[in-house]
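Subject: Structure handover

Dear colleague,

Please find the structure below. My notes on it follow.

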Amino acid sequence: MANPNEVLTPKLTPTQFKRLGQFIHTNYGIQMPESKKVLLEGRLQKRLKANNLEDFTQYIDFLFSKQGQIRELQHFVDAVSTNKTDFYREPHHFKFLREEYLPEFSKSKNHVKIWSAAASSGEEIYTLAIELREYMEEHRGFTYEILGTDISTEILQRAAKGVYEEKRIEIIPLHIKRKYFLKSKNRENKSVKVNKVLQQNLKLRTLNLMGSLAGIPNDFDLIFCRNVLIYFNRKVQEKVINALCAKLKPGGFIFLGHSESITGITAPLTQIAPTIYKYTP
Ligand SMILES: C[S@@+](CC[C@H](N)C(=O)[O-])C[C@H]1O[C@@H](n2cnc3c(N)ncnc32)[C@H](O)[C@@H]1O
């Protein structure tokens, strides 16, 4: 017999899941196969609670209402996106930057412009900033700027704070940690904050790679677009990659995630190393 005191957790019906899945795919490129139903349901249950709604029928009506599009859509996007990231994720990209790209680039130029197009909570941006700062110490007069964008405003707010659990920077050598991170005074909390110097020359803004990129400059030297294309189908990947190419200077580079490639995609790119491509229009 059902326990009358038991609180029933709201469930997504197959039709509701399909509707939300199609909306997510059409607007944000992210695929929502059946295997993601439990994940989506769990994440959106928190949104039901936050809005004091009883079930998904009420939630969907609200989300697609005029008010909902203003008040809930960004929370919905935040809940839908997967933000896994790390400092020095895919270290060969930073090795390439340090040992090959920057020495060659700085023979003729002294300002590098970088876009992290799925920046998540900022680890990728701050890793880049550390590398650039280190390079600048050895090369006086060299400068950089970084633009970090992501579809999730909430995750970018975390990036802007630059506060991380101490264990997340374990991978970073001690002398670099000392230079670029400040330990929290509260020893129970075990967190670190990035040194302000890493937040110089850095801009963050919310951006959907599936939407208009009209407000994004078109003179980047490097674009990091890592571990986001995997959520898109080939057609969307091709569209996004070509849109990114249009934002690069000729000879600029695109860095993709470890399980991403441009195989089967028509784009003006030449592979230089695994997951590193040169824009060759
Ligand atoms: C798995 S994280 C990757 C973070 C980082 N680039 C890395 O490789 O560690 C993927 C990020 O892509 C963002 N994202 C997903 N769909 C997007 C879209 N259509 N436009 C912009 N960002 C998107 C998510 O919000 C998430 O923060």
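Where is Ser-152 found? Ser-152 sits in the loop between β2 (143-150) and α8 (153-161); helices (H or I, at least four residues) and strands (E, at least two) are DSSP runs numbered from the N terminus.

This is a predicted model, in which local features need pLDDT of at least 70 and side-chain atom pairs pLDDT 80 or more, while totals for chains, interfaces and linings use all residues. Residues are numbered from 1 along each chain as its sequence is written, and side-chain values use heavy atoms, without hydrogens and water.

Ser-152 is buried, at 1% relative accessible area (buried means under 20%, with a 1.4 Å probe and protein chains only). Leaving aside residues up to four places away in sequence, Ser-152 touches Gln-74, Asp-78 and Ser-81 (contact means heavy atoms within 4.5 Å).

On pockets (open sets of points on a 1 Å grid over the protein atoms alone, where a 1.4 Å probe fits, with protein on both sides within 12 Å along at least five of seven lines; lining residues have an atom within 4 Å of a point):

- The largest pocket holds about 430 Å³ of space (the volume filled by probe spheres set on the points). Its lining has 31 residues, with Thr-82, Ala-118, Asn-227, Val-228 and Tyr-231 nearest the centre. Because domain 1 (14-80) and domain 2 (91-162 + 195-279) both give residues to this lining, the largest pocket lies between them; the bounds come from an automatic or database domain assignment.
- The second largest pocket has a volume of about 270 Å³ and 15 lining residues, with Tyr-101, Glu-104, Phe-105, Gly-251 and Phe-253 nearest its centre. The elements giving two or more residues to this lining are α6 (91-105) and β8 (248-256).

Regards

Definitions and conventions: Buried means under 20% relative accessible area, exposed over 50%, partly exposed in between (1.4 Å probe, protein chains only).
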